[in-house]
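Have the structure open while you read.

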Amino acid sequence: MINLTIDNKPVSVEPGATILEAAKACGVKIPYLCHYSKLKKPHGGCRICMVEVEGNPRLLAACTNPVAEGMKVITGSEKVHKARKFVLELLLSDHDARCITCEKDGDCKLQKLAYEYGVEEPRFTGARRNYGVRRDNPFLETDHDKCILCGRCVRVCEEIPAVAAIDFIKRGFATKVSPAYDKALNCVFCGECMYACPTGAINSKIGRYQGRTRDLKAVESVCPFCGCGCNYSLLVKNGRVVKVQPKKNSPVNDGSLCVKGSFGYDFIHHKDRLTTPLIKENGQFRPASWDEALGLVAEKFKVIQAKTGADSIGGFASARCTNEENYLFQKLMRAAVGTNNVDHCARLCHASTVAGLADSFGSGAMTNSIAEIANAKTILVTGSNTPETHPIIALQVFKAVRENGAKLIIADPRQLRFSPYAQVQMRHKPGTDIALFNGLMHVIIKEGLEDKDFIAQRTEGYEELKKVVERYTPEYVENITGVPQEQIIAAARLYATNKPASILYSMGITQHVTGTNGVKTIANLAMLTGNLGRESSGVNPLRGQNNVQGACDVGALPNVYPGYQKVADVAIRAKFEAAWGVKLPANNGLTITEMVKAAGNSLKALYVMGENPMLSDPDLTEVKKHLESLDFLVVQDIFMTETAELAHVVLPVASFAEKDGTFTNTERRVQLLHKAVDSPGEARTDWQILCDLSTRLGYNMSYDHPSQIMDEIASVTPIYGGISFERISKLGLQWPCPDKNHPGTKFLHKDKFSRGLGKFFPIEFQSPPEWPDAEYPLILTTGRVLFHFHTGSMSRRSKGLEEVCPKPYVEINPVDAVKLGISDGEMVKVGSRRGEIQLAAAVNDRCTPGVIFIPFHFKEAAANVLTIAALDPVAKIPEFKVCAARVEKA
């Protein structure tokens, strides 16, 4: 440790610490403008933090100068005060001081320092910059005349999201911060620059003139988009959410957000919000009271129940609703309706993860925490476009590679924003993942790189696996996947030897008819190399929606109760019968994909809470036929979705901002959200609706607050046993958390797997159910993009998100575009054996030749009109990633 004094206060700090860091450690305040705590590299640009050091004739910048043994620092002398005031006068000599209309008035660091140092009028006069306000993008406006050229925005853009979209341009007095060649800003629009700016130079367009910090009430919440579960505050004025602020020091997002988190919140107050219950009569919706609407739903359910049995009714829970609401939904279906026909959209994204990892490890969830990723030495990203679908997790990967020297391996058919940083990128044919990873394991075993001790002590089934992968030589795998054998060998060696290694995967692995086997193959690879049960080392499925993990945890699945306790287990069923005071059905229920297929046949009624199968499910033409043939369809949502349009009854509900509850993010962290504003019109929370309906069906459910529901969840769910609203009020807790004294679990399988020994599964490669041919010569794969979310019901009602990404498109490689005579931006027809859509061509090299990609967010050109409804036999997840297609001029 280095010992020094600051203003006569003794302090000891680590070698290499700066004077500023030492001052913070002993409680001495040193002002600054250019320093930013999120950035690792010191800058020393503003000179506000200058201090005296005994024995040194000149003042030193505290943010850049390291401490030394015996150093004596003085921070508040007259010399220091005069120097700081002089710097402030220089800054203010060319600063637009119209604080009266500045968004940062009262929160501006420059303004506060000017007040503190008594700078009323700058001494220096003369010419001033007059760039004005720039508003050439959907999200940010930049007032260059308020910019002090501290460089925070430039540095944070390069260091955190690794974009480097802006820099200093021009020279001398004309210097300003701008994109290259002073063009319009075109970036990922995460908002990092805006949050870093110490003055009013960068502001949110949507939040402009909506209120300053002192006028706003901050309500802590959790972002409602992807599974990262970012913490932020909703800033409220006059009953409206007008801005958001990321939570500093959050273990999930550490003060960062993506574009949807920073700017996608305006859907909350969109004019399309449902405000009253609706009943369809003669093909038209009419407003109804809650009593009439819920009375009709209860009556219809009872009639169908009596006529064709409880199993002729099904329910879709929702990954966008809270844990408490999903718990009550599955409880209503099981206890009030009497069926296990309850499922949610995990069936369409990570059902194969739940099944595959449960078989291999005993637990179907992310093994590590998000923050651990940055400390991995090797990261294998496969089947995940992480920078677009999980941008905050991508920040950890960038940090690992760019700051900590980690090696990145990518196995994905498409080019990613990660790609320039990859040590090895394997662009395999869609649907050939199993062959590829079998090939990696073949190399590892052949070269003796497997972790023999781990295999012997902690696994079973190794010899069977070894026999299967023996024939997956690099040459053989290259013929299947298209990946050069040199890349296969390099990736295998790197992953096996450079530990700890972490695997990140998502729906590029799971959304196949072989999805469960694909997940097991990844588990095999991790166990083979001993990359499990340690910090920064594991298998990490990145969950797609804000509470898809939680919805699974609390039993919104047809074969398990809360906590993955099996419906078929007599003792478990008896436990829930005792807890809920009712006889429960013994048979497993139908999955989402099975319920859609049964709709209009054995399934007569369907209750859909916050799901939109009319855009999210495969082969939409067939989906629509089945939903239209139901005797009774109820949809509960915040907007009139494509599915709600087909309903007999539509129930308006509260958004995430209008209720209390919890979400569980992809790292198993249960987090609290608070009500910030009232719901529009007569909209109710989902949990209140479920309680009312259940009571009308004859099974009383009554709670005063969601915290009581969480207490009930904890009482019947061992992995949530120690979780309560009180305990998670600050940072949340990661399950398993079995009792009130348990701190939560940072990473899984430390000493043993949940199932005891990890199990190897010998898996053979199996071709996709539909492969290109002469009629349909291309492979279509689908997925998400950065600026939209799921079926677009929220993101497409966000002004900025819709402005930057307003139209559907198909990505096509230039080689294929030339063959077809198609140019970039041209309208084309994309067809499959199930249908045809029209959309614009985006000609680029993100896809390999022979592969096309379509985002599934757009109802006007719904990608799932084309996809095939073939299912994984175990998880019942559809094949979204491979089907045969053709492209032609429109």
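Let's start with Arg833, whose side chain makes a salt bridge to Asp773, with 2.3 Å between the closest N and O atoms. Keep in mind that this is a predicted model. Arg833 sits in the loop between strand E35 (827-832) and strand E36 (835-843), while Asp773 is in the loop between strand E32 (758-759) and strand E33 (778-783), so the contact ties together parts that are 60 residues apart in sequence. How accessible are the two partners? Arg833 has 40% relative accessibility, so it counts as partly exposed. Asp773 comes in at 30% and therefore counts as partly exposed too.

Arg886 is partly exposed, at 27% relative accessible area, and Glu775 is partly exposed at 46%.

Now for a pair in another setting. Glu325 and Lys659 meet through their side chains in a salt bridge of 2.8 Å, N to O. Glu325 belongs to helix H8 (residues 323-337) and Lys659 to the loop between strand E28 (649-652) and strand E29 (661-664), so this bridge ties together parts that are 334 residues apart in sequence. Are these two buried or exposed? Both Glu325 and Lys659 are buried.

| Pair | N to O distance |
|---|---|
| Arg833 and Asp773 | 2.3 Å |
| Glu325 and Lys659 | 2.8 Å |

Some charged side chains join up in a network: Glu103, Arg135, Glu141, Arg208 and Lys243 are linked by salt bridges.

For the overall layout, the protein is divided into domain 1 (2-76), domain 2 (125-268), domain 3 (278-346 + 547-661 + 679-712), domain 4 (366-541) and domain 5 (778-889). Between the C-alpha centres of domain 3 and domain 4 there are 38 Å.

One last stop is Glu54, in the loop between strand E3 (50-53) and strand E4 (60-61). Glu54 is exposed, with a relative accessible area of 58%.

Conventions: Residues numbered from 1 in each chain as written. Predicted model: local features only at pLDDT ≥ 70, side-chain atom pairs only at ≥ 80, totals over all residues. Heavy atoms only, no water. Domains from an automatic or database assignment. Salt bridge = Lys/Arg side-chain N within 4 Å of Asp/Glu carboxyl O. Helix = DSSP H or I, 4+ residues; strand = E, 2+ residues; numbered from the N terminus. Buried < 20%, exposed > 50% of the residue type's maximum accessible area, 1.4 Å probe, protein only.
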